[in-house]
Amino acid sequence: MQFIFIISLIFAIPCNSLFILLPLYLYPDTSASAWSNVTAAIAANENVQWQIIVNPNSGPGTYPPDANYIAAISKLNSYPNVVTVGYVATGYTQVSYESLTAQIDVYAQWSSYPDADISVAGIFFDEVSNTATEEVYTYYQRASDYVSSKNLADGRVIFNPGAPAPAQLFDDADTIVQYENALSSYNGGATIDSFQPGFNNQTCVMIHSAAEDVDVNPLVQTMVERGIQSVYFGVDCCYQAFSSVLLGSMVSAVAAG
């Protein structure tokens, strides 16, 4: 009877799998000083999981990245609650497949860098088209398949149309950003209801242009209740500034579930 009670108790405890997906496009500077607010937030609660998008040059740039990026990315990779992914823009399918694969190859090469762990676990594809055509589906399926073929840890794939996506795109991504816009345009549950139904567990809500003292708790609670997979709140539309106040509030809200 005691065993049955323990099992029942385990299943009664709510499980919050919401994680933070953070676009870290800011240059790190020496000793990752420009990223210090982010790394402090990461270290504040190891139970909160982060996926962090690194973007040295609107993509990987040349191999290897410069010394400041090497130090900063290896620091991110030292945290047990962080996974890093590399940024690649697709230009709404206008970037050639050859260009995409060349950039993915550079990120894959990072895993063989001998002096520090700068490996990334997957790719964040930006400027993703949400037009429901076979041409679009084929383009992103090929991109996703190429990531899977490379040495990128778990080969995770993130698509960012920044708006509701057609169902077929979810076949080729672990996460899709179905909202990327200002907080002033976000309507909580009503916005979530506009997403492709049945895929909240693969959906990210990425909110920018928020005041640093905004109360994110009710917004995060609604996301948890609706089964949203990942979230970000930021003060800057271009992900070049990170408020320690808002980062701390976001971490606390996600940890509370």
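Biologist: Hi! Is Tyr69 buried or exposed here?
Modeller: Tyr69 is buried, because its relative accessibility is 3% and the cut-off for buried is under 20%. Keep in mind that this is a predicted model.

Biologist: And how exposed is Tyr27?
Modeller: Tyr27 has a relative accessible area of 32%, so this residue counts as partly exposed.

Biologist: How many aromatic pairs does a search of the whole structure find?
Modeller: The search finds 14. One of them joins Tyr27 and Tyr69: the ring centres are 5.5 Å apart and the planes sit at 80°, so the pair is edge-to-face.

Biologist: Where in the chain are Tyr27 and Tyr69?
Modeller: Tyr27 is in the loop between β1 (19-24) and α2 (36-44), while Tyr69 is in helix α3 (residues 67-77). They are 42 residues apart, so this pair links distant parts of the chain.

Biologist: Which residues form an aromatic cluster?
Modeller: Tyr25, Tyr87, Phe124, Tyr232 and Tyr239 make up one cluster.

Biologist: New topic: how many salt bridges are there?
Modeller: The count comes to 3. Among them is Lys150 with Asp105, whose closest N and O atoms are 3.1 Å apart.

Biologist: Which parts of the chain does that pair link?
Modeller: Lys150 lies in the loop between α5 (134-148) and β5 (156-159), and Asp105 belongs to helix α4 (residues 97-110).

Biologist: What about Arg226 and Asp193?
Modeller: Their side chains also meet in a salt bridge, at 2.7 Å from N to O. Arg226 is partly exposed at 34% relative accessibility, and Asp193 is exposed at 56%.

Key: Residues are numbered from 1 along each chain as its sequence is written. This is a predicted model: local features need pLDDT of at least 70, side-chain atom pairs count only at pLDDT 80 or more; totals for chains, interfaces and linings use all residues. Side-chain values use heavy atoms; hydrogens and water are left out. Rings of Phe, Tyr and Trp (its six-membered ring) pair if their centres lie within 6.5 Å; planes under 30 degrees apart count as stacked, over 60 as edge-to-face and the rest as tilted. Helices (H or I, at least four residues) and strands (E, at least two) are DSSP runs, numbered from the N terminus. Buried means under 20% relative accessible area, exposed over 50%, partly exposed in between (1.4 Å probe, protein chains only). A salt bridge is a side-chain nitrogen of Lys or Arg within 4 Å of a carboxyl oxygen of Asp or Glu.
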